[in-house]
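Here is a short briefing for a first look at this structure. Keep the view open while you read.

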Amino acid sequence: MQAEDMEVPLLNNLNDNGDRLRSKGKDAFKEQQKESESSMESPNLEFEYGDSDALAVELSELYSYTEEPEFALNRDCFEEDFRSHAQGRRWVDQSAGERRTYVMRLLDALEVTDRDKRLKVARAILYLAQGVFDECDAEVDVLRWSRRNVFLLYDMGIFTALLELLSMEIDNSQACSSAVRKPAISLADSTELRVLLSIMYLMVETIRVQAEDDQPEWTAAREAFKNELGAPLYNGEPFALLLFSMVTKFCSMNAPHFPMKKVLLLLWKTILFTLGGFEELQEMKVRGRRRLNLPPLPEDSIKVVRAMRAASPPASAMELIEQQQQQKRGRRSRRSAFVDSLEGDSPFPKKQPLVKQDSLDTYNERDPFKNDDVRDDEDDPEDGDGGMEGEVDPLDRDVIIQPPPPLRPPTERVNFPKGLPWAPKVREKDIEHFLETSRNKFIGFTLGNDTETLVGLPRPIHESVKTLKQHKYVSITEVQMKREEELQQCPLSLGEEEVEETPAEMLYLGMLPNLSQYVIALLKLLLAAAPTSKAKTDSINILADVLPEEMPITVLQSMKLGIDVNRHKEIIVKAISALLLLLLKHLKLNHVYQFEIVSQHLVFANCIPLILKFFNQNIMSYISAKNSICVLDFPHCAVHEMPELTAESLEAGDNNQFCWRNLFSCINLLRILNKLTKWKHSRTMMLVVFKSAPILKRALKVKQAMMQLYVLKLLKIQTKYLGRQWRKSNMKTMSAIYQKTSTHGLGTSRRRSAPFGKASRSSTAGATTRTAMATLHPWTTACRACWASAWTCPTTSTTVTRCGWRGRCSRSPSSGRASWWTSDGRGAGLGRTCRRLLWTHNG
């Protein structure tokens, strides 16, 4: 009895475990089903990448929804002071001279010693910068008056006075110590800082953005303000360094009351204004190449990406299971059709063979590059199927071949674009490596870095070198590194280098002493704002400028605060990602070694795993998040009457297909990750070690061309480390890599040196690869000259081998093979060298 009594709870426990496992399996199955349904229904996103969003959106993101009652407080402070000055007249009815007189009066009032009076004057100035919304009837009028008032405030010197007050608030040790002792920090602890930072942000962002109806004097004021912010005029350093010091002071827990969202937004827009956005960066590259006597840039990458189309995302687990079931049903139907044909009941001809259709024949009836030789490649033992890992390309399925239809007219044929939009770029090292390999093979010794001498090499090698040199690209980075090497070798004769005092150079010199602290502080904030981060007791509190003094009581207030907190974190991620990307791009253009130092600090601060952790989430849900309440956005909430908020209106959000700031942040983080790992073997191995491939593959579900491009670039650089089986199991991803990225450095099988193996034969991208892709591989046969000329070699080759034999060349770009034969078709009369070429070429 005792044994039986002891067995019962054990059995019950097993049954409970089995039930729990079954329930977990059902939940996982449902999650995969939802994920697959969302991926299949994901539409193309009409997103245009730029420096920032629209001006109205950028201004509205400055304020939290909990700050909405302060708009009325700013208006009351202004009207209380302006009533005594104008006596019943409105601001919009004043003349230009009267407005200047009143602003001068406010400027004098900022110098009073009473803290409360200074705060009221600052709120009155903030109301002017916000566009005197109480006197406007539409949101357009608010933005127009805000622009006019901001230029007036700058002309009267308000920004300099605000900067002095900001420095006083930063150094206010009493406020810092009281904030440190508080158990919970709220909006009330950062009132003065928030008012000052809001005015400065409105001035920087409004003056930075150009408008069509700007007055001529505003253009001069914009250039003056830009130079003023970038020059070391504030305590001998640029204005951005003061904001950087606020970030480090906050992250060191010495000033937990600092409103970090406003600081980061102001820091980002200051650097964007002083250093320039992506269009200014492109113009600076053009001027820099012209100054160094380099050829002009082949294209603008952002403009090229805007014209690209998004690819269909890779299949999910549920889609794979469905495809496998369809394959089984197709095999059953073929088997039954075969039985019916034996019995005479088949609708097909009895002698119709069942063959595997070529992948490219799915689109075109005849492959123009199809080899006359019908022999297929023999599969290697390593190429065995490894199960359901990755996606299965639907083009690789066995298809029942119907009787051949009549040929379509040429106009109905599907025309694929020839080549990629990218111009080929070949480095000097690529040419040296190609010649070194060729000389070792054909001559037996090398000539060092000599890229001109081609004596003893076959004619196809000459053609390949010529093609490589046609696409040779010398970057500004290479010139800078060569100049640094010359200065180190001859320091006395060359003297000191003349360094131009650019805004990027002055910013870097100011950041250099505390660069590691700045980088670590920014990454700490990024980690705290990431949606995948878990709340910890010792983590940084980034919600100081969003939490109200009184916590919500009702469910509706809690929902509103929850949306506000999520929106707050998204804006912080947006500002930090854009800030880091701008710093990396401008410092790389200024000098590559400055870029390398900042990159090294980012890598040491675990930036690579942090970005991967950020993407280790349901990225489609993050892209389409609706953490916004349109009726509470500025200036809508200030102009229109506030409707009664309900749970339905809070959950509705906007009607946009995606969240602009979240998609913008994702692209920025992918570009940062790409810049950190490009041409860096050890950092690429970090991507492999942290298992980034499945994380990045999930990001391909976002159907936006620019985001997919940088995901594919990150997958491309690690394909050679992921193995043959991964490439076979991820055919659709490999096809997208070949189709959308330049394929230099793309990993291929060790046993195949051809640029295409099985991975690309089944893809349409394999038939669109261009000269640059082919010429970057050290081919070992004479027939590879066909690839070097982009598959336009004649049927009869005039290439003379070392033994004097001439032959015909037939090649198949889809398989990467070619055959050499004599007029009798057997290759008779070949010399030793040509027989070696034939053996090497045919594998």
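**A buried arginine and its partner**

Arg194 is buried, its relative accessible area being 2%. The model is a predicted one.

**The Arg194 pair**

- Arg194 and Glu70 meet through their side chains in a salt bridge, at 3.0 Å from N to O.
- This pair links distant parts of the chain, with Arg194 in helix H9 (residues 191-208) and Glu70 in helix H3, 124 residues apart.
- Glu70 also counts as buried, at 18% relative accessibility. The cut-off for buried is under 20%.

**Other salt bridges**

- The whole structure holds 29 salt bridges.
- One of them joins the side chains of Glu61 and Lys574, with 2.8 Å from N to O.
- Glu61 sits in the loop between helix H2 (55-60) and helix H3 (69-86), and Lys574 sits in helix H22 (residues 555-590), so the pair ties together parts that are 513 residues apart in sequence.
- Glu61 is buried, at 2% relative accessibility. Lys574 is buried as well, with a relative accessible area of 0%.
- A network of salt bridges links Glu58, Glu61, Glu205, Arg208, Lys269, Glu570, Lys574 and Arg661.
- Another salt bridge is formed by Arg90 and Asp93, whose closest N and O atoms are 3.5 Å apart.

**Helices H28 and H31**

- Helix H28 (residues 660-677) packs with helix H31 (residues 705-716) at an angle of about 25°, and their axes are 9 Å apart.
- That angle makes H28 roughly parallel to H31, because angles under 35 degrees count as roughly parallel.
- The crossing in which H28 passes H31 is left-handed.
- Which residues make the contact? H28 brings Leu663, Cys666, Ile667, Leu670, Arg671, Leu673, Asn674 and Thr677. H31 brings Met706, Met707, Tyr710, Val711, Lys713 and Leu714.
- Sorted by class, the contact of H28 with H31 has 10 nonpolar, two polar and two charged residues.

- Leu582 is buried, at 4% relative accessibility.
- Along the sequence, Leu582 and Gly277 are 305 residues apart, yet in space they are 7.7 Å apart, C-alpha to C-alpha.
- Setting aside residues up to four places away in sequence, Leu582 touches Trp268, Ile271, Leu272 and Gly276.

- Ile476 lies in helix H18 (residues 476-489).
- Ile476 counts as buried, at 14% relative accessibility.
- Ile476 and His591 are 115 residues apart along the chain, and 8.8 Å separates their C-alpha atoms.
- Neighbours within four places in sequence aside, Ile476 is in contact with Lys285, Gly288, Arg289, Leu292, Leu294 and Leu589.

**Backbone details**

- Most residues other than glycine have a negative phi, and most peptide bonds are trans. The next points are worth a look for that background.
- Phe634 and Pro635 are joined by a cis peptide bond, with omega about 5°.
- Pro635 is placed in the loop between helix H25 (619-623) and helix H26 (636-639).
- Asn293 has a positive phi, near 60°. Asn293 lies in the loop between helix H13 (278-291) and helix H14 (301-306).
- Is Asn293 buried or exposed? Asn293 is exposed, with a relative accessible area of 71%.
- Trp679 also has a positive phi, near 65°. Trp679 is in the loop between H28 and helix H29 (681-689).
- Trp679 is exposed, its relative accessible area being 53%.

How values were computed:
Residues are numbered from 1 along each chain as its sequence is written. This is a predicted model: local features need pLDDT of at least 70, side-chain atom pairs count only at pLDDT 80 or more; totals for chains, interfaces and linings use all residues. Side-chain values use heavy atoms; hydrogens and water are left out. Axes are lines fitted to C-alpha atoms, for helices over the stretch in contact, and angles run from 0 to 180 degrees between N-to-C directions. Helices (H or I, at least four residues) and strands (E, at least two) are DSSP runs, numbered from the N terminus. Angles under 35 degrees count as roughly parallel, over 145 as roughly antiparallel, 65 to 115 as roughly perpendicular and the rest as oblique. A crossing is left-handed if the near helix is turned anticlockwise from the far one by less than a right angle, and right-handed if clockwise. Contact means heavy atoms within 4.5 Å. Ala, Val, Leu, Ile, Met, Phe, Trp, Tyr, Cys and Pro count as nonpolar, Asp, Glu, Lys and Arg as charged, and the others, Gly among them, as polar. A salt bridge is a side-chain nitrogen of Lys or Arg within 4 Å of a carboxyl oxygen of Asp or Glu. Buried means under 20% relative accessible area, exposed over 50%, partly exposed in between (1.4 Å probe, protein chains only).
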